[in-house]
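Hi there,

Here is the structure I promised to pass on to you.

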Amino acid sequence: MNTIQRNVIAGNRTVGDRTFRFRSGFEWRWGYYLQILKNAGEIKDWDYEPRKFKFYGKDISGSGLKGKEIGVRVYTPDFKVYERNGGITWQETKGFLDSKSYTKVKCFRQYYPTERIELIMQRLPSYRGSARSRNILVKLKRLEDMGVTVRDGSAIDKQMKGIMK
């Protein structure tokens with residue numbers, strides 16, 4: 001097994017037999033988690049940032065929607081997960097849901113309605129938190145209402161930190 005460093009922010013990291021340039025430690029730990037699922041036969045495979053989805057052009061993905069002319073025009077989900085049943089799930093990992101990230105996931109759902117997407121939050125904010133935390137929870141609820149699966153990744157992230165010492 002590879003020697004794993006803890007608390008790495010970003011950089012080239014080997015997971016399984018492949019090397020990726022992860023943008024955050026949470027992405028790296030989530031990739032390691034997906035590799036564990038693959039090794040256990042829970043998923044067929046996974047990949048990191050394999051495709052860019054565009055939100056501009058005449059008829060995007062046969063959705064009938066006219067593309068965007070300004071703002072967020074391209075989105076690259078963090079992970080592509082190949083399910084055992086042959087399906088594909090796109091996963092986006094976030095330590096914090098800023099406005100730009102929210103818009104990207106929202107546009108992805110609107111322009112690519114047949115694609116399955118999960119938003120994995122490193123930690124879900126609390127309703128007892130600040131107004132900013134409550135605002136994020138409202139946005140997460142809107143995404144769920146649009147068909148985005150929102151998951152709390154905190155327990156898995158904590159476990160990966162423990163394994164990846």
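Below is what turned up, starting with the aromatic rings and ending with one glutamate.

Please keep in mind that this is a predicted model.

Searching the whole structure gives 16 aromatic pairs. One of them joins Phe53 and Tyr112 in an edge-to-face arrangement, with 4.9 Å from centre to centre and 70° between the planes. This pair links distant parts of the chain, as the partners are 59 residues apart. Phe53 belongs to strand 4 (residues 53-54), while Tyr112 is in the loop between helix 2 (99-111) and strand 8 (116-121). Both partners are buried: Phe53 has a relative accessible area of 1%, and Tyr112 comes out at 7%. Phe53 and Tyr112 are also members of a cluster linked by ring pairs, together with Phe55, Tyr75, Trp90, Phe108 and Tyr111.

Two arginines are placed over tryptophan rings. The charged end of Arg18 is 4.7 Å from the ring centre of Trp46, and Arg13 lies over the face of Trp28 at 5.8 Å from the ring centre.

The glutamate is Glu118, found in strand 8. Glu118 counts as buried because its relative accessibility is 6%, under the 20% cut-off. Its side chain makes polar contacts with the side chains of Gln91 (2.8 Å) and Arg116 (3.4 Å). Leaving aside residues up to four places away in sequence, Glu118 touches Thr89, Trp90, Gln91, Glu92, Thr149 and Arg151. Trp90, in that list, is one of the rings in the aromatic cluster.

Conventions
Residues numbered from 1 in each chain as written. Predicted model: local features only at pLDDT ≥ 70, side-chain atom pairs only at ≥ 80, totals over all residues. Heavy atoms only, no water. Phe/Tyr/Trp six-rings, centres within 6.5 Å; stacked < 30°, edge-to-face > 60°. Helix = DSSP H or I, 4+ residues; strand = E, 2+ residues; numbered from the N terminus. Buried < 20%, exposed > 50% of the residue type's maximum accessible area, 1.4 Å probe, protein only. Lys NZ or Arg CZ within 6 Å of the ring centre and 35° of its normal. Polar contact = N/O pair within 3.5 Å; in protein donor to acceptor, adjacent residues only side chain to side chain. Contact = heavy atoms within 4.5 Å.
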